[in-house]
Amino acid sequence: MKRHISPALLTMILMLALTSPGILATEHDTGTPAELVAAYDSLADSILAVKQTERHMVQSILATTFSHAQATLGAVQKKMAGGENAGAEIEKLADLVSQLGNEGDAAVAAIRKRLVEGGHHHNAQGEKDGIYDEGFVIVTRAARKALLASAGNIARMAASPNAEKLKAEWSAVATQYKSLVKGD
Amino acid sequence: MTEGSDRSALSGRLRRAPALLALGGACLISHAAPAAGGTGAGRFHFVDVAAEAGIDRQVHAGRPGKDHLLDSAGNGVAWLDYDRDGRLDAYIVNAWKLAGSEIVERGRNALYRNRGDGTFVDVTDGARVAGEGRWGTGVTVADYDDDGWPDILVTSFGPNLLYRNRGDGTFENVADRAGIEAPAWNTGAALFDADGDRDLDLYLARYIDCTLEEVLAARPTLSWKGVAMVAEGPFGLVGGADRFYLSDGDGHFEEATGPAGLLDKGLGYGFGVVAVDLNADGRLDLYVANDSDANYYYRNEGSGRFREVGLWSGNAVDRDGAAQAGMGVAFGDADGDGQIDLVTTNFAEDFTTLYRGDGKGFFEDVSDMSGVGKATFMSLSWGTVLADLDNDGDLDLIIANGHIYPQVDAHPEFGMTYRQRNLLLENRGGGRFVDVSQQAGPGFLVAQSSRGLAAGDYDDDGDVDLLISNLDAPPTLLRNDSTAGNWLTVVLEVPPGGGTAIGARVSVALQGRTLARTVTSGDSFLSVHDPRLHFGLGTARGVDRVRVDWPDGSVTERISVEAGRFLTMRKLREDKIPPAPDAVNSGDPP
């Protein structure tokens, strides 16, 4: 969400203000015209809704990534069961777990950076309290640390896969993920 | 070497009495006797001799108030032997002086030829390497056209410069012809063989996407701790997308960022770059220090393809999973376990990070337990190197410091200054570092806003000296007069057409252990260290074996080498292995 109202929206509001009979009729009233207050109120609803939409967007990114990771885990386990080399798939799984910790890949990080650049901090108070890294929406600092550690542990198994260890690490990832998205 | 020694005479002897002993592709050049060994506190002693050595070019840095980050980002420095006389020459990158929106002076880069007596002569004009009036940022040195002469790539805010060494003491700028002018805010660069075809490809990091008009119009608009207005960014500004260029082997480069897997999707604010093999698979990987973003570790997958694996390999963020403000980068075996470790320098009120490598491409942030974190927390750090300054056999950590906001000086309550002392962290063994800067002589008491740092033995006395660039001031040249142990310096030579030494790994075996170094085209903060590889040997009188693993897979070895020498290891033409599409690991050692 950007700090500035879009030019199109601003134009619409001004047109509304200039053409409103209510404004013309209240030349002795020094208060903010009711129509403008109503328009701003409506805009506030939109802004707040967009913030909620942002949360849903990031939640979708996480859900998609988690589903992708689950499927990749399945492919890894199938290969391991068949005695095949699963190194590449394990690294792919590590990539996806990293992306869970990062709320998406580097391209998403660039968008997050752009939002911060524009002055938007989804969890401004959480950032001040040290709970969230700058611009993060759902993944807390502690969860990020844990997920990146899990990603590293999984990637290390690419050279020497171990079904039990992989299962345990994935269990930690899944628990972390579910904890983050619960209530959404 | 103690202060007061006759370094001029010694230096003259060192370089002038080569005794060539060609053995299996190696040549031994005898030099002076080794320095006496020494142990105990206070053995470090550094003196700033830049002025008396003749390195006096003022380095400009925008406006005094540092209204834009370009004003305070600074420049790199390089050690190189441009005329191949065996002596180490110096190259200083320069920027512009501004006043408000006015360009007061376009700084000139400087090339200093080493006279061999501890002094330098400015040969910039004759060599034609003044920088064409560009705003220079960094420097990289490599023989990109394989003609046997080191060339200079100067990265710029604007079009880059590629100074091709003509071999007659002059250079020509061929960046346009080579296809790598790439105008932008270019910063760190690495020339290295990315695809195993034996020519040098190019990775270019970029910082912020902005125009000169924006730089000139900039005014401090960011509140620093609520007490002063300072330059905005990097947040608030768009990151520049890094680029990668493949060489066609005939002096021309083609951009191949996407096909190589090096798309900078995160638009990280890139600074320091190094190409080095981080997972011991024989291929050169890329590591990029990003300011305020996760660092990149591009693992070389072979055939010119890379994969970014930093987040799960452990070297992209700190131990808490947080991105830091990466500026410079150093590499080396900090803890003596035989594996390459990484160092990234960061912003003030954050620590320089030491990542311990396991040799398999995984890293762990050991800044706290190593002592590096505590020693570096208040400094704003840039150039860095892991080098053995006391020749005791382990790598010490040197860091150039300086804040980006002059405004901090008006607020001493925060415990920071704009000009800062540089740091010498002594390796006390096993990668445990102790800050000995206060006991390291007057050179480490100098306070400047330092940026680039290059290590090199310019006076050929067997210990490592330090060249450091400073904002709005001449560079610092810290002569190493420490009481040091024995040493061996390996000089790699590749005949014209014989490929590159960039990426060559040199290892020496002594007393049951192995020390190793790798040749790069640059690292630190946009800077280039001595291309000769220095080994501190402690009390050892020599080494059992010296081995060079050349980038094409061939190997040159020499056994039983005395200490206190410059040993030239020459790659012979017959060592060359026929080209292969991805031949990095295809050569069988002879």
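Visitor: How many residues of chain A are in contact with how many residues of chain B? Please take me through the helices behind that contact, then through chain B.

Guide: The model is a predicted one. In the model, 21 residues of chain A are in contact with 14 residues of chain B. On the chain A side, three helices each supply at least two residues: H4, H5 (106-117) and H7 (141-156). H7(A) gives the most, with eight residues. By class, the side of chain A that touches chain B divides into 10 nonpolar, four polar and seven charged residues.

Take the helix pair H4(A) and H7(A) next. Their axes come within 8 Å and cross at roughly 175°. The two helices are therefore roughly antiparallel to each other. From H4(A), the contact uses A:Ile90, A:Glu91, A:Leu93, A:Ala94, A:Val97, A:Ser98, A:Leu100 and A:Gly101. They meet A:Arg144, A:Leu147, A:Leu148, A:Ser150, A:Ala151, A:Ile154 and A:Ala155 in H7(A). This contact has 10 nonpolar, three polar and two charged residues.

H4(A) (residues 87-101) also packs with H3(A) (residues 34-81). Here the axes come within 9 Å and cross at roughly 160°. That angle makes H3(A) roughly antiparallel to H4(A). The crossing is left-handed. H3(A) brings A:Leu62, A:Thr65, A:Phe66, A:His68, A:Ala69, A:Thr72, A:Leu73, A:Ala75, A:Val76 and A:Lys79 to the contact. H4(A) brings A:Glu89, A:Ile90, A:Lys92, A:Leu93, A:Leu96, A:Val97, A:Gln99 and A:Leu100. The contact residues divide into 11 nonpolar, four polar and three charged. Some residues of H4(A) take part in the contact with H3(A) and in the contact with H7(A); among them are A:Ile90, A:Leu93, A:Val97 and A:Leu100.

Now to chain B, beginning with a sheet. Four strands form an open sheet in the order E27-E28-E30-E31, with antiparallel pairing. Its edge strands are E27 (381-387) and E31 (433-435) of chain B, and each pairs on one side only. Neighbouring strands are turned by 20° against each other on average, direction ignored. E30(B) (residues 423-427) is joined to E31(B) by three bridges, and the two run antiparallel. Within that pairing, B:Leu425 has B:Asp435 of E31(B) as its bridge partner.

B:Ser469 lies in strand E34 (residues 465-470) of chain B. B:Ser469 counts as buried because it has 34 C-beta neighbours inside 10 Å. B:Gly76 is 393 residues from B:Ser469 in sequence, yet 6.7 Å away in space, C-alpha to C-alpha. Beyond four places in sequence, B:Ser469 is in contact with residues including B:Val59, B:Gly74, B:Asn75, B:Gly76 and B:Val77. Its contacts also include B:Ser450, B:Arg451, B:Gly452 and B:Pro475.

B:Val129 sits in a loop, between helix H4 (124-127) and strand E9 (135-142) of chain B. B:Val129 is buried too, with 24 other C-beta atoms within 10 Å. Leaving out residues up to four places away in sequence, B:Val129 touches B:Asn109, B:Leu111, B:Thr124, B:Ile152, B:Tyr163 and B:Phe171. B:Asn300 is 171 residues from B:Val129 in sequence and 33 Å from it in space, C-alpha to C-alpha.

Conventions: Residues are numbered from 1 along each chain as its sequence is written. Chains are lettered from A and ligands numbered from 1 in the order in which they are written. This is a predicted model: local features need pLDDT of at least 70, side-chain atom pairs count only at pLDDT 80 or more; totals for chains, interfaces and linings use all residues. Axes are lines fitted to C-alpha atoms, for helices over the stretch in contact, and angles run from 0 to 180 degrees between N-to-C directions. Angles under 35 degrees count as roughly parallel, over 145 as roughly antiparallel, 65 to 115 as roughly perpendicular and the rest as oblique. A crossing is left-handed if the near helix is turned anticlockwise from the far one by less than a right angle, and right-handed if clockwise. Two residues are in contact if their C-beta atoms, placed from the backbone, lie within 7 Å. Ala, Val, Leu, Ile, Met, Phe, Trp, Tyr, Cys and Pro count as nonpolar, Asp, Glu, Lys and Arg as charged, and the others, Gly among them, as polar. A residue is buried if 20 or more other C-beta atoms lie within 10 Å of its own, exposed if 12 or fewer, and partly exposed in between; C-beta atoms are placed from the backbone. Two strands pair if DSSP finds at least two bridges between them.
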